[in-house]
Amino acid sequence: GDGCGHTVLGPESGTLASINYPQTSPNSTVCEWEIRVKPGQRVQLKFGDFDIDDSDSCHSSYLRVHNGVGPTRTEIGKYCGFGFQMDGVITSKGNEITVQFMSGTHTSGRGFLAAYSTTDKSDLITCLDNASHFSEPEFNKYCPAGCVIPFADISGTIPHGYRDSSSLCMAGVHAGVVSNTLGGQINVVISKGIPYYEGSLANNVTSKAGPLSTSLFTFKTSGCYGTLGMESGVIPDTQITASSVLEWSDQTGQVNIWKPENARLKRVGPSWAAFISDEHQWLQIDLNKEKRITGIITTGSTLAEYYYYVSAYRILYSDDAQKWTVYREPGMDKDKIFQGNTELYQEVRNNFIPPIIARFFRINPLKWHQKIAMKVELLGCQFSIGRAPKITVPPPPQNKNDDKNDDFSDDFIHSVKTSLQTDKTTFTPEIKNTTVTPSVTKDVALAAVLVPVLVMVFTTLILILVCAWHWRNRKKKTEGTYDLPYWDRAGWWKGMKQFLPTKSAEHEETPVRYSSSEISHLRPREVPTMLQTESAEYAQPLVGGIVGTLHQRSTFKPEEGKDSSSADLDPYNSPIQEVYHAYAEPLPITGPEYATPIVMDMSSHPSTPLGVPSISTFKAAGNQAPPPLVGTYNKLLSRTDSTSSAQALYDTPKGQPGPGAAAVELVYQVPQSVAHSTGGKDE
């Protein structure tokens with residue numbers, strides 16, 4: 001009828017739409033589609049869009065679906081309405097279905113677009129579905145035939161991906177994963193979008209450039225889309241021939257030859273061009289052995305001064321270069337005409353579904369601009385024929401029934417031969433981006449020997465390097481090891497002994513008092529030069545371990561008006577406290593001028609005579625000399641020397657001779673940062 005729009009009816013699927021869709025269909029038009037699939041199968045019908053005027057309750061404008069065709073058909077349903085949403089699909093009872101569209105008088109309504117397939121395609125979608133209709137990151141869908149529609153747009157190309165607003169099925173045709181005349185299954189993967197989508201021409205579908213989108217989709221394929229060697233040079237020049245070659249001399253007398261070997265994609269310079277431009281010209285490529293050819297890419301001359309290109313061509317293929325077969329799509333009785341270039345620079349891709357299996361490949365130009373000229377590249381992968389396994393028949397046993405065994409062996413061999421002849425299988429390996437044809441038959445044994453040897457050699461080298469590195473580091477560590485110098489060991493130990501904690505804890509809290517008579521027997525000790533520094537406002541920090549328990553902080557202050565180097569000092573250590581502070585706190589402004597004296601009780605000391613009273617030491621007022629106890633006293637250390645466990649070491653007060661053979665030597669530590677007079681007199 002006159003109301004039929006876009007229609008593609010394939011053997012297993014197809015697409016149909018009302019006239020002028022998606023615009024308003026004209027008044028008083030009718031169209032009827034009769035759809036048939038293989039016997040034993042049923043038809044399912046799915047609507048992508050439905051918008052039919054229902055102002056007269058489906059009386060003059062409607063869509064009607066019938067089981068079967070012809071006079072015996074039975075009605076399944078009658079449908080109309082604006083923006084009618086039909087959930088699910090309409091399924092026939094047999095392998096035939098009739099769709100009837102009637103358009104009466106109306107002022108609006110887009111009409112409809114529907115897709116059909118056999119019922120075994122449960123994931124059928126329509127040509128209007130895009131990636132944004134599905135939330136899964138990866139999914140499989142079945143695209144019907146006929147999805148190259150003029151009212152749908154796509155943006156993007158392979159391998160970068162397609163914008164999420166693109167029609168899934170139309171993008172599948174552009175990518176070469178499904179055929180527009182057959183339909184097919186697509187495996188879609190959703191990923192993050194890109195800022196810009198390129199446009200290209202492929203399989204008679206023009207992809208437009210597109211802006212940024214939040215997501216994009218690509219297709220999972222078998223991977224048999226690698227280049228076969230035209231651009232890379234794997235195919236030698238001698239295997240590229242042509243029916244004729246364009247040749248002429250320019251104004252300078254230089255001869256220009258557009259040879260067949262120039263027909264390599266992306267090759268700089270002129271392309272191949274035929275001397276005569278007619279439909280009998282061809283460009284032939286010998287692949288050296290059978291390959292699985294899945295596509296072809298073509299350009300024009302790529303020279304601006306020679307605006308030559310081929311706009312349409314046929315494909316022929318052969319195994320012996322004698323008998324040629326023209327490529328046709330399955331179920332079609334006409335040769336497939338491929339769309340070529342529309343200008344001389346753009347690369348145009350066409351895919352073969354199903355692929356071509358052949359050694360010799362020939363391009364036959366049918367339409368061109370000015371002259372026949374082109375550059376090409378073939379896409380595909382290796383093709384292998386499955387070899388039947390070798391059958392080994394065991395020899396029959398030698399016994400009395402030799403004749404029967406011979407008959408059995410003959411029957412068995414005959415059955416094996418028959419099965420091998422009838423069960424020959426051909427498979428196509430999934431090889432991606434194959435550009436070189438490796439020969440694996442002769443290299444298998446060599447590789448089996450070389451690979452283990454190389455692995456062992458590299459492993460040995462790595463072990464040697466690691467061992468050398470460890471040995472070098474160990475040698476460096478050995479050379480860099482140092483110890484305390486021999487001459488400093490004794491002094492170091494003596495200096496450190498005074499900072500070690502006391503052994504007896506019971507004497508730490510007991511005040512020790514000394515009498516003047518005992519102090520008179522003590523011999524003076526030299527004050528280390530390093531301790532004769534200027535008087536400090538605060539006590540120096542204690543260096544070393546925990547010397548004792550401090551009870552009260554104290555500070556030293558030299559007598560005003562006197563030289564710090566010769567002034568009488570009342571160095572009293574602060575009593576011990578529970579909390580250790582590295583530095584003493586400053587004297588309060590209103591506090592006493594001098595530190596609190598230390599009261600020492602010698603009555604508990606084992607070397608002190610009985611009856612000696614406890615005395616205290618303090619600084620006299622004015623210029624009066626203090627008691628004979630002069631010097632700097634620090635905390636009493638009860639640690640004994642390693643050479644004399646019974647001796648307690650104390651500093652000897654200045655100016656007092658000490659017994660050299662005394663059993664017990666009292667040693668007092670000099671306060672830090674306090675200047676002392678070296679004379680024996682008290683001032």
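Student: In this predicted model, what makes helix α1 count as mostly covered?

Tutor: A residue is called buried when its relative accessible area is under 20%, and eight of the eight residues of α1 are buried. They are Leu168, Cys169, Met170, Ala171, Gly172, Val173, His174 and Ala175. The helix is followed by glycine 176, whose phi is positive, near 85 degrees.

Student: Which strands form the open sheet that contains β10 and β11, and in what order?

Tutor: Five strands form this open sheet, in the order β10-β13-β16-β12-β11, and their pairing is antiparallel.

Student: Why are β10 and β11 said to stand at the edges?

Tutor: β10 (138-143) and β11 (156-157) each have a single partner strand, so one side of each is left without a neighbour in the sheet. Helix α1 (residues 168-175) packs on this sheet and touches β10, β11, β12, β13 (184-192) and β16, while its direction makes about 50 degrees with that of β16.

Student: What makes strand β2 count as mostly covered?

Tutor: Six of the six residues of β2 (residues 13-18) are buried. Ser13, Thr15 and Ala17 point one way from β2, whereas Gly14, Leu16 and Ser18 point the other way, and all are buried.

Student: How do you know that β2 pairs with β1, and how do you know that β2 pairs with β9?

Tutor: The requirement is at least two bridges. Strand β1 (residues 4-9) and β2 pair over four bridges in the antiparallel sense, and β2 and β9 pair over five bridges, also in the antiparallel sense, so each pairing meets the requirement. The bridge partner of leucine 9 in β2 is glycine 14, and the bridge partner of threonine 15 in β9 is alanine 115. A hairpin of three residues joins β1 to β2.

Student: In the open sheet of four strands, what makes β3 and β6 the edge strands?

Tutor: That sheet has the order β3-β8-β5-β6 with antiparallel pairing, and β3 (29-36) and β6 (74-79) each pair on one side only. The twist averages 15 degrees from one strand to the next. Five bridges join strand β5 (residues 62-67) to β6, and asparagine 67 stands opposite threonine 74 in β6.

Student: Why is the pair of phenylalanine 101 and phenylalanine 112 called tilted?

Tutor: Rings pair if their centres lie within 6.5 Å, and a pair is stacked under 30 degrees, edge-to-face over 60 and tilted otherwise. Here the centres are 5.6 Å apart and the planes are at 55 degrees, so the pair is tilted. Phenylalanine 101 lies in strand β8 (residues 96-103) and phenylalanine 112 in strand β9 (residues 111-118), eleven residues apart. Both belong to one aromatic cluster formed by Trp33, Phe47, Phe50, Phe101 and Phe112.

Student: Why are phenylalanine 101 and phenylalanine 112 counted as buried?

Tutor: The limit is under 20% relative accessible area; phenylalanine 101 counts as buried because its relative accessibility is 2%, and phenylalanine 112 because its value is 0%.

Student: How do you know that arginine 362 sits over the ring of tryptophan 324?

Tutor: The charged atom must be within 6 Å of the ring centre and within 35 degrees of the ring normal. The charged end of arginine 362 is 4.1 Å from the centre of the tryptophan 324 ring and sits over that ring. Likewise, the charged end of lysine 336 sits over the ring of phenylalanine 338, 5.2 Å from its centre.

Student: Which residues touch the most other members of the largest nonpolar core?

Tutor: Of its 27 residues, these are Ile296, Ile315, Phe352, Phe361 and Ile363. The strands β18 (240-242), β22 (283-299), β23 (309-318), β26 (348-369) and β27 (373-382) each supply at least two residues of this core. Leaving aside neighbours within four places in sequence, the contacts of phenylalanine 361 include Ile296, Ile315, Trp324, Phe352 and Leu378.

Technical notes: Residues numbered from 1 in each chain as written. Predicted model: local features only at pLDDT ≥ 70, side-chain atom pairs only at ≥ 80, totals over all residues. Heavy atoms only, no water. Core = buried A, V, L, I, M, F, W, Y, C linked by side-chain atoms within 4.5 Å. Buried < 20%, exposed > 50% of the residue type's maximum accessible area, 1.4 Å probe, protein only. Contact = heavy atoms within 4.5 Å. Axes fitted to C-alpha atoms, helices over the stretch in contact; angles between N-to-C directions. Phe/Tyr/Trp six-rings, centres within 6.5 Å; stacked < 30°, edge-to-face > 60°.
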